[in-house]
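Please open the model in your viewer, with the sequence panel beside it, and follow the stops below in order. At each stop, select what is named and look around before moving on.

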Amino acid sequence: MAFQLPPLTYSFDALEPHIDARTMEIHHDKHHAGYTNNLNGAIEGSALEGKTIEEILGQVSKQSPAVRNNGGGYYNHSLFWEIMSPDGGGEPDGDLAAAINARFGSFNEFKAAFTKAATTQFGSGWAWLIVDASGELAVTSTANQDNPLMDVNPVKGTPILGLDVWEHAYYLNYQNRRPDYVTAFWNVVNWKAVAARYAKAKG
Ligand code: MN3
């Protein structure tokens, strides 16, 4: 069974004015579709066929650049659509809020750390909130379509929140103003989805 492009669960314009409809359409229908198709092409007929994306990324050091780039692109964008919502924004509650406060001091201090990771990632990449192997939260960033599930990455863990800081994610609306895009992102974060990922990652 080949990997499938997951459908958006909201319309292209649902995240406006924070993320514009044209960007969402191109990002999902062109970029994410491309990563999905190219991943399927890269693993076709290989021992990776039938493995989960997490299994593939966990041993990506042994694979081709095509598997690394497109496998990362497939996973990262699948997560990205899920952790945003037109009903998003605000702050988490429950166990996730408690863990953020314990790890970072406060929600605002967490936001500052994540914002710094997103704005200082040089060139294309992603900012992440992850649950590491000891169950602790951490903020990190990766280049290109890498992510913390990959064995090539020095900081490893399960991503529960991710922000795409490739120019294709914001350039039509924000041009070079990546910090404005990062600020706007907080208005669409689906904390319920992030909390569900947190609970799953903690086991
Ligand atoms: Mn992207």
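Begin by selecting D164, which is buried, with a relative accessible area of 0%; here buried means under 20% relative accessible area, exposed means over 50%, and partly exposed lies in between, as found with a 1.4 Å probe on protein chains only. The model is a predicted one, in which local features need pLDDT of at least 70 and side-chain atom pairs count only at pLDDT 80 or more, while totals for chains, interfaces and linings use all residues. Residues are numbered from 1 along each chain as its sequence is written, and side-chain values use heavy atoms, with hydrogens and water left out.

Since H77 belongs to helix α3 (residues 65-82) and D164 to strand β3 (residues 158-164), the pair ties together parts that are 87 residues apart in sequence. Helices (H or I, at least four residues) and strands (E, at least two) are DSSP runs, numbered from the N terminus.

Keep H77 selected, which counts as buried at 0% relative accessibility. Its side chain and that of D164 are joined by a polar contact of 3.0 Å, a term for a pair of N or O atoms within 3.5 Å; within protein, one must be able to donate a hydrogen and the other to accept it, and residues adjacent in sequence count only if both atoms are side-chain atoms. Leaving aside neighbours within four places in sequence, H77 is in contact (heavy atoms within 4.5 Å) with H27, H32, Y35, W126, Q145, D164 and H168.

A polar atom of the H32 side chain lies 3.0 Å from the backbone oxygen of Y74.

**The aromatic residues**

How many aromatic pairs does the structure hold? It holds 16, where rings of Phe, Tyr and Trp (its six-membered ring) pair if their centres lie within 6.5 Å, and planes under 30 degrees apart count as stacked, over 60 as edge-to-face and the rest as tilted. Select F110 and F114, whose ring centres are 5.9 Å apart with planes at 50°, so this pair is tilted. Because they are four residues apart in helix α5 (residues 107-120), F110 and F114 are separated by about one helical turn, and both are buried. Then move to W126 and W128, a stacked pair with 5.3 Å centre to centre and 15° between the planes; both residues are buried.

To widen the view, select the aromatic cluster whose members include F80, W81, F110, F114, W126, W128 and W191. At F104, look for the charged end of R103, which sits over the F104 ring, 5.0 Å from its centre; a charge sits over a ring if NZ of Lys or CZ of Arg is within 6 Å of the ring centre and within 35 degrees of the ring normal.

The largest nonpolar core has 59 residues, of which M84, F110, L137, L161, F185 and W191 touch the most other members. Such a core is a set of buried Ala, Val, Leu, Ile, Met, Phe, Trp, Tyr and Cys residues joined through side-chain atoms within 4.5 Å.

Most residues other than glycine have a negative phi, and most peptide bonds are trans. Select E16 and P17, which are joined by a cis peptide bond with omega of about 5°; P17 lies in the segment before α1. Then go to N144, in the loop between β2 (137-143) and β3, where phi is positive, near 55°. N144 counts as partly exposed at 42% relative accessibility. Finish at Q175, in the loop between α6 (171-174) and α7 (178-185), which has a positive phi of about 50° although it is not a glycine.
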